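Reader: I'd like to learn how to read side-chain and helix packing in a model. Can you walk me through it?

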Amino acid sequence: MNVGLNVALNKTEKKVIEILIENPNSTSAELSEQIEVTTRTIERAFNSLQEKNIIKRIGSKRDGYWIIVKQKISFQI
């Protein structure tokens, strides 16, 4: 995936984005299992990505989903 903004992302954030592109309904528990980190680490990644305006939550915590706001993120997978 190559998308061209100078946004510093750590490997957890990159993996979160990769998974959210495939499944925007992923929960922090599901992501933590897939990436093999704690749910707290996933929540920190969500917060960081939201602060960087890369992802946005649509709907409620229970029934919502994530969207990728910036399609031009540059990182190596």
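Reader: Let's start with aromatic rings. How many aromatic pairs does a search of the whole structure find?

Author: A pair of aromatic rings is described by the distance of the centres and the angle of the planes. Bear in mind that this is a predicted model. Searching the whole structure turns up 1 aromatic pair. It's Phe46 with Trp66: the ring centres are 4.3 Å apart and the planes sit at 25°, so this counts as stacked.

Reader: Which parts does the pair tie together?

Author: Phe46 belongs to helix α3 and Trp66 to strand β2 (residues 65-68), so the pair links parts 20 residues apart in sequence.

Reader: And are Phe46 and Trp66 buried or exposed?

Author: Phe46 is buried, at 7% relative accessible area, and Trp66 is buried too, at 9%. Phe46 also shows up among the residues that touch the most other members of the largest nonpolar core, which has 15 residues; the others are Val16, Leu20, Leu31, Leu49 and Ile55. At least two residues of this core come from each of α1 (11-22), α2, α3 and β2. Take Val16: its contacts include Leu31, Phe46 and Leu49.

Reader: Now helices. At what angle do the axes of α2 and α3 cross?

Author: Two packed helices are described by the angle between their axes and the distance between the axes. Here the axes of α2 (residues 28-35) and α3 (residues 39-51) cross at roughly 110° and come within 8 Å. That makes α2 roughly perpendicular to α3. Ser28, Ala29, Leu31, Ser32 and Ile35 of α2 meet Thr39, Ile42, Glu43 and Phe46 of α3. By class, that contact has 5 nonpolar, 3 polar and 1 charged residues.

Key:
Residues are numbered from 1 along each chain as its sequence is written. This is a predicted model: local features need pLDDT of at least 70, side-chain atom pairs count only at pLDDT 80 or more; totals for chains, interfaces and linings use all residues. Side-chain values use heavy atoms; hydrogens and water are left out. Axes are lines fitted to C-alpha atoms, for helices over the stretch in contact, and angles run from 0 to 180 degrees between N-to-C directions. Helices (H or I, at least four residues) and strands (E, at least two) are DSSP runs, numbered from the N terminus. Angles under 35 degrees count as roughly parallel, over 145 as roughly antiparallel, 65 to 115 as roughly perpendicular and the rest as oblique. Contact means heavy atoms within 4.5 Å. Ala, Val, Leu, Ile, Met, Phe, Trp, Tyr, Cys and Pro count as nonpolar, Asp, Glu, Lys and Arg as charged, and the others, Gly among them, as polar. Rings of Phe, Tyr and Trp (its six-membered ring) pair if their centres lie within 6.5 Å; planes under 30 degrees apart count as stacked, over 60 as edge-to-face and the rest as tilted. Buried means under 20% relative accessible area, exposed over 50%, partly exposed in between (1.4 Å probe, protein chains only). A nonpolar core is a set of buried Ala, Val, Leu, Ile, Met, Phe, Trp, Tyr and Cys residues joined through side-chain atoms within 4.5 Å. Lists of a residue's contacts leave out its neighbours within four places in sequence.
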